[in-house]
Amino acid sequence: MNQTRKISISEKVFTIEDLRRIAAIFDKQSLLAKKSDHHASVEYSIRFSDDTTYQSDSPDLFSDGSLTVPARPVAIQMSFRNYKLGRHISLSIDHGDSSYGNLAVVSASEPEWLSQNFLSLKETLETVRPQTVWLKNHRTLLLNLIAVGIGSLGVSAIDLLANALTHVVDLSGVIKPLAPDSPWRPLISDASPLLYGVKWIWCWFMGFFWGAFWVRRWLLSVWPSIEFDFGLPHLQTERKKRERLIAVAPLIVLPVIANLIYDA
């Protein structure tokens, strides 16, 4: 009876060395099949961002020389099939956040061979560096922090514009300060904690309106579920985006800190 076991692959950063270790499992089975004179096939392939594909029956395909092309690797596939014994191993991984197709499959009618190769493939995949980032594990908290940061930045910009406008346009006839003995002064003073909370809720709400979801999506795209850490350096866009975070982070953090200091 034929049996199949599958491994879903996600949150991994693959290097050339990782691909070679995985390909060694396929190559070993291919060599054993040839030694036994079994009808078998093995294939390795790399698809690039310009829709070109490199294919080979040798794991030497996963070398630095094969990847020095003016396009980025976006998909890797490996496949071994022993037609005589009904054995099959396959691996498919795509760079990015797609939840479809990132899969390793082992199939055979021999339980011992199936278990041995499944465990070998599983253990090799577990050695691949995980894509573990605090931001991806706390998406809701990240979204709210971004909303507060963007809202604080926007409200601060509006305050600066309003202050500048008062120096250009005389609004004394329209806006008048409260008199020292005004009954509104103690009411406003007593309500100051509530007004302070309303201010931050307003900043938070405006942050969503001004693009908090888009900023979070951009931030999380910097750490894709499957990342290929190989190919030409200038084509590794996620790494370049992470470098730009140095400029983005202050836009979120500094307005919040500035508002807290001002309020204090």
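**Figure 1. Salt bridges in the predicted model.** A search of the whole structure finds 5 salt bridges, a salt bridge being a side-chain nitrogen of Lys or Arg within 4 Å of a carboxyl oxygen of Asp or Glu. Side chains of opposite charge can pair when their charged atoms come close. This is a predicted model, in which local features need pLDDT of at least 70 and side-chain atom pairs count only at pLDDT 80 or more, while totals for chains, interfaces and linings use all residues. Residues are numbered from 1 along each chain as its sequence is written, and side-chain values use heavy atoms, with hydrogens and water left out.

**Figure 2. The salt bridge between Arg21 and Asp18.** The closest N and O atoms of Arg21 and Asp18 are 2.2 Å apart. The two residues are 3 residues apart in helix α1 (residues 16–35), so about one helical turn separates them. Helices (H or I, at least four residues) and strands (E, at least two) are DSSP runs, numbered from the N terminus. Arg21 is partly exposed, with a relative accessible area of 38%, whereas Asp18 is buried at 5%. Buried means under 20% relative accessible area, exposed over 50%, and partly exposed in between (1.4 Å probe, protein chains only).

Figure 3. Glu110 and Arg87 meet through their side chains at 2.7 Å, N to O. Glu110 is partly exposed at 27% relative accessibility; Arg87 is buried at 16%. In the other pair, the side chains of Asp229 and Arg129 form a salt bridge at 3.8 Å, N to O. Asp229 is partly exposed at 22% relative accessibility, and Arg129 is partly exposed at 45%.

**Figure 4. A polar contact of Arg72.** Arg72 is found in the loop between α2 and β5 (73–82) and is buried, with a relative accessible area of 9%. Its side chain makes a polar contact of 3.1 Å with the side chain of Thr237. Such a contact is a pair of N or O atoms within 3.5 Å; within protein, one must be able to donate a hydrogen and the other to accept it, and residues adjacent in sequence count only if both atoms are side-chain atoms.

**Figure 5. Aromatic pairs.** The whole structure holds 5 aromatic pairs. The ring centres of Tyr44 and Phe62 are 5.9 Å apart with planes at 85°, so this pair is edge-to-face. Rings of Phe, Tyr and Trp (its six-membered ring) pair if their centres lie within 6.5 Å; planes under 30 degrees apart count as stacked, over 60 as edge-to-face and the rest as tilted. Tyr44 belongs to strand β3 (residues 40–48) and Phe62 to the loop between β4 (53–56) and α2 (64–67), 18 residues apart. Tyr44 is buried at 0% relative accessible area, and Phe62 is buried at 1%. Phe228 and Phe230 are stacked, at 5.1 Å centre to centre and 20° between the planes. Ring pairs join Phe14, Phe228 and Phe230 in a cluster.
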